[in-house]
Amino acid sequence: FTKLAQREQFIVVYPDGIGRSWADGRGTSPASQEGVDDVAFLAALVDEFVQHHHADASKVFVTGMSNGGFMTLTLACRIPEKLAAVGSVTGFMGDAFAKTCAPTKAIPVAIIAGDTDPIVPYAGGELKGGRGVTLGAEATVARWAELNGCSGAPVTTQLPDVDPNDGTRVERREFTNCRSPLRLDVVKGGGHTWPSGDKYLPEGIIGKTSRDLDASAELWRFWTTVN
């Protein structure tokens, strides 16, 4: 996001979680086990930048990947009044937490998920290593469709195959009749990766990285379009 922020002139903040993790509502991360209240921490961080660093309180956007994606959706549930929109990449909602999610207002949500993710399965279920039971991508979006008051089926479009050699295609599903916008980008053949991001581990571990979608630019476009 750094180059994008320089070009588009917005403030970008990269917070660190305890033990390289976030207490995202599943109760299984190092931060959760240490009793960290990351909702309070991140809410205070928003206040700090609004009050002392010229951030616009009406245009606060949050995103994250994996555990950070789970945390993003947790914030949308718990402090939507401080946020303008959110986006989660390869992160959904814990099964038990999803039942308790009761935001005080509808909030724009975008989710990007690889349907062959080997770390956080697209279909959800019990995660390896005792990391909890999670909803899948479609169940998470269905839950947000309820929370955002959406009706009717989403409009589905196939995005251009920008890189025919990356082994992926992107299908966009947009809910158009909602109190607040909701969108799912399904990366067909995609793994536990940030589309157009760095290949941080071998493909055999994390799956394919799509080059058909620039996740950072697309999230920024979504947020600024709906806000």
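Student: What is the order of the six strands in the open sheet, and how do they pair?
Tutor: Strands here are DSSP E runs of at least two residues and helices are H or I runs of at least four, both numbered from the N terminus. Two strands pair if DSSP finds at least two bridges between them. The six strands form an open sheet with mixed pairing, in the order 1-2-3-8-7-6.

Tutor: A word on the source. This is a predicted model, where local features need pLDDT of at least 70, side-chain atom pairs count only at pLDDT 80 or more, and totals for chains, interfaces and linings use all residues. Residues are numbered from 1 along each chain as its sequence is written, and side-chain values use heavy atoms, with hydrogens and water left out.

Student: Why is strand 3 largely enclosed by the rest of the structure?
Tutor: Buried means under 20% relative accessible area, exposed over 50%, and partly exposed in between (1.4 Å probe, protein chains only). Val109, Ile111 and Ala113 point one way, Ala110, Ile112 and Gly114 the other. Strand 3 is largely enclosed because the buried residues number six of six.

Student: At what angle does helix 6 run to strand 8?
Tutor: Axes are lines fitted to C-alpha atoms, for helices over the stretch in contact, and angles run from 0 to 180 degrees between N-to-C directions. Helix 6 (residues 137-147) lies across strand 3, strand 7 (169-175) and strand 8. Its angle to strand 8 is about 170 degrees.

Student: Is Arg183 buried or exposed?
Tutor: Arg183 sits in strand 8 (residues 182-188). Beyond four places in sequence, its contacts (heavy atoms within 4.5 Å) include Val109, Ile111, Glu174 and Phe222. With a relative accessible area of 6%, Arg183 is buried.

Student: How exposed is Tyr200, by relative accessible area?
Tutor: Tyr200 is in the loop between strand 8 and helix 7 (203-206). Tyr200 counts as partly exposed, because its relative accessible area is 39%.
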